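Student: Hello! Could you walk me through this structure with a few questions and answers?

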Amino acid sequence: MAALCESFTLCGLGPSGGVGLGGGLLALQPGPDRDHVLLTDRGRTATLFKVSDQKPLGCWSVKHGQIITCPVVCNFETHEYIAVHDDKVLRIWKDKDINLDKVFKATLSADVYRIHSLPNGGPLVLFKGGGVRTLDVLLEAPQQEIENVISDEVIKWSEAFNEGQQPILIFATEKDGDFFVYVKKLKMNSLHKYKLEQQELSKPLSFTAYIKNKIITLLCLYSNYSVYKFLIPLQQNSEEEEQILSKSLLLNLLVSGSVLKGTSFVVLDKDHIAVLGSLGASGDECKECLTIWNTKFQTLQTSKELPLGTSGQLWCYEEKFFFTHGKVLTVIMYKCETSSLAAAVGKLKDSQTPDVSSFVNWNTLGDEELAVSVHSQQSVALKSESRMTDASTTVLEDELRQLMSKAQMPDFQAAIGCVITALINRCKTDPKYYPQNFLLQIVQTRDLSYSLCPDLMAVALEKKDVYLLQNCLQRFPDIPEEITYACLKVFLSLSEAYLQRIDVNLESVICYIDTEFNSKDVKTEIVENGFNAELEQDIWDTKITKKRHLTTDGELCPVGPQKAALLNAVLLSAYSETFLLPHLKNLPAQQAVLFLRYLYYLYVKCSEKINTTLPGVRSPNINQIMDWMCLLLDAHFTVMVMLPEAKELLSNLHKFVRAQVRFYSELNKIEGSLRELQRLNHQKDSQTYSIEVLELI
Amino acid sequence: MGEFEVHRVRFFGLVPAGVRCLAWHPRGGRLALARIDGTVEIYNFAANYFQEKVIPGSDARSVEALCWAAGERLFGAGLGGEVTEYDLARLCVARSVDGCGGPIWSMAANSSGTQLAIGCEDGSVKLFQVVSGGIEFERNLDRRKGRILCLSWHPSGTHIAAGSIDVFRVLNVSSGQTVQRIMVNYHVQKVKRECIVWSIAFLSSGTVVTSDSFGRVQFWDWEQGTLLESHTVSTSAVLSLAVSEKEDSIVVGTSTGATYQFQLLPVKMGSLEKRWVRTKPFQHHTHDVRAVAHSSMALISGGLDAQLVIRPLMEKVQKKGYDAALRKITFPHRRLVSCARKARLLLFQFSQHLELWRLGSTDETGKDGEVLPLCRMPEHLVQFKSKGPEHIYCSCISPCGSWVTYSTASHFHLYRVQYEGDSVSIQKVPKVPKLLLPAYQLQFSSDSGSLFVASARGSVHVLQLLEPGGCKHLHTLRPPSGSPEAVYLLASSTDGHWLAAVGGDWAIHIYNLKCFKHHGTVPTYTCAVTALAIHPLTNNLVIAYSDQQLFEFSIPEKQYTAWSRMVQNFGLHKVWLERDSPITHITFNPKNPSHILLHDTYMFCVLDKSLPLPDNSALLMNQSTLKQLPETARQRQLHAFKICKKFQPLLFADLLDENCLVMVERPIMDIKTQLPLPIQQKKFGT
């Protein structure tokens with residue numbers, strides 16, 4: 001549940017004193033450190049505040065007659081402040097500077113709309129004509145010519161993100177009641193223009209956006225008391241003509257019959273938004289209030305009346321809301337937990353599983369249900385089948401990505417299932433065709449299940465695409481034991497040399513695995529996403545030769561990190577013993593021994609820690625390890641007893657378990673003795689009488 | 001301010017008896033509690049959880065079940081086989097009726113409070129009608145083999161669920177027949193051991209909730225005879241169970257000292273289907289939790305470790321604060337120790353005996369915090385054993401040490417004690433006047449010449465003590481308007497002029513002892529008085545209330561003093577008001593008239609009226625800060641409350657002479673060692 005917590009006043013905004021001298025605030029921006037904010041007023045002054053202390057740390061003003069036209073931002077890399085006054089004059093200064101007249105100054109050739117500062121990467125300057133420059137580029141030649149890309153449209157809002165290493169700037173413009181959105185990728189120097197789908201009788205009032213899974217989600221507050229959502233895919237290869245973004249309704253701001261006339265809003269997390277606005281049934285007096293809404297359940301979570309009125313601006317920063325209330329700038333902390341009642345009682349799993357539609361039997365689904373979306377896709381697929389070139393594959397993927405961005409359409413999950421089935425069918429008929437990246441992306445971003453696309457894992461198994469299999473094992477809740485076993489067998493059979501060339505998610509192993517290269521101080525390279533190919537090559541060469549001798553002592557991991565990560569994915573998947581056991585019996589003896597050796601290694605690792613858990617994310621817990629170990633021993637009991645290489649392993653295992661049982665029983669005894677000692681000690685020790693001196697002042 | 005020589009006494013071997021059962025009275029805001037020694041206590045939640053009434057137990061009377069019926073009437077039943085009604089004004093047993101079914105294990109009242117059902121050793125469930133003069137036997141319900149350990153009425157009053165060993169039954173009240181019999185150990189195939197149904201609750205939906213010795217809490221559909229849900233909460237027994245009035249929450253207590261809350265929650269957010277889910281575990285006790293209760297705001301549990309724990313439900317609390325704090329009540333809210341200042345003797349009151357001790361002494365002096373070498377050890381002089389099964393209500397030693405008195409429910413004893421060197425001789429005073437017993441409080445005058453006996457109906461008897469060992473009844477003081485409630489606190493003035501008496505209605509009456517006349521009444525206040533004392537020089541009456549307020553009332557002028565009014569205007573410090581144990585004793589330092597000495601279980605305080613009161617921004621417990629400041633800087637930091645928290649838990653503190661204090665502590669660990677070992681729980685390798 002989301003909740004508004006205590007509030008406090010950051011500063012006064014009155015005409016007689018405080019910030020802004022009654023003119024109001026232009027913007028609030030994060031300061032150089034946590035807990036710091038920069039306030040820019042509609043005048044000459046910028047002030048830096050420490051929020052928790054409610055105390056200004058610094059204040060800078062431009063000369064009389066000048067006016068700050070663009071909110072002051074902080075360059076997080078250099079800890080400098082950047083302001084623009086009188087539209088064109090750029091100023092840059094540091095904490096120790098006092099007089100803005102004396103700090104760095106550059107006069108630009110065009111009017112600046114806004115400067116965006118990103119946590120890593122230099123600030124971006126957006127000009128009123130739609131031109132974008134990084135600050136560095138701009139400072140090299142301040143008078144450089146700035147293009148006008150939006151002709152006579154007016155910028156209404158802008159925002160910047162980092163996606164990977166690449167800064168992205170998005171801004172919205174208006175012209176004659178039409179609204180446009182531009183997405184600028186700086187590295188690629190590409191600019192995409194979109195038009196927002198028209199909405200009769202209402203227009204956008206406020207925008208906000210966030211980026212997730214390479215898709216920009218643009219939320220827009222309309223004057224018809226609704227919040228709409230637009231999805232803009234980032235990967236867009238073709239420079240096409242302007243596209244129309246279709247909107248989907250996210251939320252109606254209705255509170256028991258009356259509407260909330262929102263003026264501004266912010267996104268809190270994937271399910272919550274906060275809206276500042278005035279609430280009132282027709283005829284009644286309007287009350288301004290701050291509200292938090294759950295978009296998933298379409299409910300108003302909490303609200304707070306603001307009887308003294310606001311300026312309609314709302315900022316949110318470090319779990320705090322900032323807004324003007326009456327003549328002061330008020331800060332309200334909030335809590336926004338996605339946990340539902342069900343989460344608290346361990347029932348959340350139900351709500352997380354995909355919609356029912358994802359378990360529909362595809363063969364019986366009527367054509368008309370899928371007509372809209374899938375037809376076009378299949379036609380695309382068929383089209384591109386004829387021209388089997390690389391280019392057509394990318395075209396196909398592009399189309400699919402666009403389809404995926406329209407997330408709100410009904411039966412979307414079903415449509416995705418059909419798309420995958422179509423793709424997989426094509427993979428089956430055409431052995432050369434395998435859109436690995438796209439499949440991976442769908443698996444990673446959509447809540448899929450095994451039953452939704454039953455052939456996907458089979459094809460991945462055939463192609464030995466272990467990364468995709470790892471992702472499927474981690475994400476699908478309903479993998480049949482047969483397939484789990486097949487994955488296990490493939491993972492165990494692949495050679496280490498093959499695996500090291502393949503990208504695998506290692507997050508479950510990097511925290512505990514200690515094969516030789518860990519002891520060789522090359523950890524940093526390994527932790528890095530993916531592998532440094534040259535470095536690895538020689539390490540692995542040495543390793544493979546060395547490992548043969550070292551595995552038996554049970555101290556070093558018997559498999560490489562990639563294989564370990566893949567096996568962990570198997571260990572974590574859900575299974576039923578009854579169904580798994582018959583398959584497990586088919587595992588070749590050598591692989592069974594290797595797997596058991598790895599399980600033994602994990603078990604020893606677990607037992608090293610007092611809390612018997614492995615560090616890292618998605619690493620198996622001791623019960624899962626034990627269950628698999630027992631299962632494997634059950635399945636291969638005779639083989640293990642007969643096999644000479646297994647003998648030593650089994651004896652080690654037996655010794656280790658026996659030692660542990662003894663150890664725990666000793667601990668229990670010690671606990672009892674300690675308790676008794678404590679009791680005796682207390683009885684002896686407690687002095688029943690003394691005369692002491694006590695001074696009271 | 002000064003140094004004190006503190007006699008730190010830890011040889012008072014009090015072991016509070018374990019809690020056996022609880023009964024929550026939702027409308028009265030009161031909790032009735034019975035201990036295994038048969039003591040019954042009433043806690044008033046509205047008066048800051050004050051233990052406002054105590055009915056001492058008796059060896060002949062065990063209490064296995066308590067329940068409120070017919071409004072504010074309290075009934076108890078126990079292994080003696082009798083159903084007892086308690087007189088809450090006179091704090092004694094009003095009447096008893098034999099259940100005629102052997103030991104009684106359980107008792108429950110129907111929702112309207114007009115009928116009582118008891119569960120007996122012989123397997124019978126008997127119904128009693130609650131009538132104005134007591135209870136009347138109504139009928140026997142179907143008897144089957146096996147003691148009835150727990151009972152619960154269906155809220156409509158038509159059926160009763162009765163738990164026994166391995167089985168529970170549902171009985172139809174109007175026909176008296178067993179309409180359902182359900183085996184609870186049916187699902188356990190393992191070892192053949194009996195499964196005891198320790199506690200049972202009948203919900204209005206027809207669900208029967210049982211808790212049993214296998215550690216399970218089970219929900220049954222009684223009509224179908226089917227198990228709806230089963231939750232294993234513990235490896236040992238679940239002993240107690242209570243349901244909230246709304247039937248959306250259940251609290252259970254286990255023999256490992258843990259309590260758990262169950263809540264009826266929707267399976268999914270917004271779903272109509274609801275299930276019982278174990279939500280919160282608590283471990284506030286070390287031993288069996290034999291009794292639990294569920295108020296609308298809190299979970300209440302009582303354990304064999306003698307603790308009463310009140311754990312507010314955070315979701316019902318509006319804001320985080322004092323009301324949301326956990327309460328643990330271990331010690332009685334009244335004095336069990338009295339002190340003969342001049343003779344340096346301490347009298348300790350146990351449930352069935354008294355111990356008289358002489359304090360040790362030293363001839364050294366030292367600095368703050370030093371332990372001084374003893375030149376004489378403390379000495380256990382004599383033990384007074386109370387004959388008969390009745391427990392002691394109250395006791396007192398005279399300031400000179402030569403008189404000791406105590407009272408049980410039906411006997412009043414007065415002894416003359418003489419000390420010759422190391423030998424002590426005791427002489428029982430024969431022919432004590434016949435008084436209306438029991439006495440609820442006994443108090444000697446400061447010259448040891450007379451004894452005040454707090455009695456029922458607001459009356460106080462004044463006895464004159466005669467040398468060499470006699471006494472006679474002088475007068476009985478009564479409030480002019482009468483009162484049904486017993487007097488529970490007394491305070492007499494040093495000059496022998498005044499006596500203040502507080503009754504169960506919380507009215508404070510002041511009597512003039514020279515002419516045995518009612519002098520006046522302190523304006524009524526809405527909270528219980530926890531301690532009061534009359535200043536030796538000014539004859540101001542200092543009163544501590546259970547909401548931690550302090551008042552000073554001038555007896556001669558019959559009005560609150562200027563200081564008292566100032567305190568009320570200024571307000572006491574927030575931290576002072578948020579303490580959770582009441583002031584149980586107030587005394588004065590005749591050499592420093594502005595000082596008031598008071599203590600609760602966790603602190604001792606010297607209140608210096610001549611100093612300013614601290615405001616909420618000041619540090620209330622500032623002694624350790626002050627000690628670090630140089631002499632000159634201290635002056636500005638001084639405030640009226642000089643609090644020492646070194647001695648805990650503090651059962652008694654008194655001033656022996658001008659700079660000598662006695663503090664009687666009872667460390668929790670000392671009590672724990674007297675208790676049986678708790679159930680061993682494995683920590684490793686589980």
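Student: Which residue of chain B forms a salt bridge with A:Glu692?

Tutor: Welcome! This is a predicted model, where local features need pLDDT of at least 70, side-chain atom pairs count only at pLDDT 80 or more, and totals for chains, interfaces and linings use all residues. Residues are numbered from 1 along each chain as its sequence is written, chains are lettered from A and ligands numbered from 1 in the order in which they are written, and side-chain values use heavy atoms, leaving out hydrogens and water. A salt bridge here is a side-chain nitrogen of Lys or Arg within 4 Å of a carboxyl oxygen of Asp or Glu. With its closest N and O atoms 2.9 Å apart, the partner of A:Glu692 is B:Lys646.

Student: How many salt bridges does the rule find across the interface of chain A and chain B?

Tutor: The pair A:Glu692 and B:Lys646 is a salt bridge. Across the interface of chain A and chain B, the rule finds two.

Student: What area is buried between chain A and chain B?

Tutor: Contact (heavy atoms within 4.5 Å) takes 27 residues from chain A and 53 residues from chain B. Buried area is the accessible area, with a 1.4 Å probe, that two parts lose on being put together, summed over both. Carbon and sulfur atoms give 63% of it, and the area is about 3,900 Å².

Student: Which strand of chain B is joined to S30(A)?

Tutor: Strands are DSSP runs of E with at least two residues, numbered from the N terminus, and two strands pair if DSSP finds at least two bridges between them. Here eight bridges link an antiparallel pair, with A:Ser690 opposite B:Arg8. The partner of S30(A) is strand S1 (residues 2-9) of chain B.

Student: Which residue in the turn between S22(A) and S23(A) has a positive phi?

Tutor: Two bridges join these antiparallel strands, and A:Val255 stands opposite A:Ser258. They form a hairpin with two residues between them, and the residue with a positive phi, about 35°, is A:Ser256.

Definitions and conventions
Helices (H or I, at least four residues) and strands (E, at least two) are DSSP runs, numbered from the N terminus.
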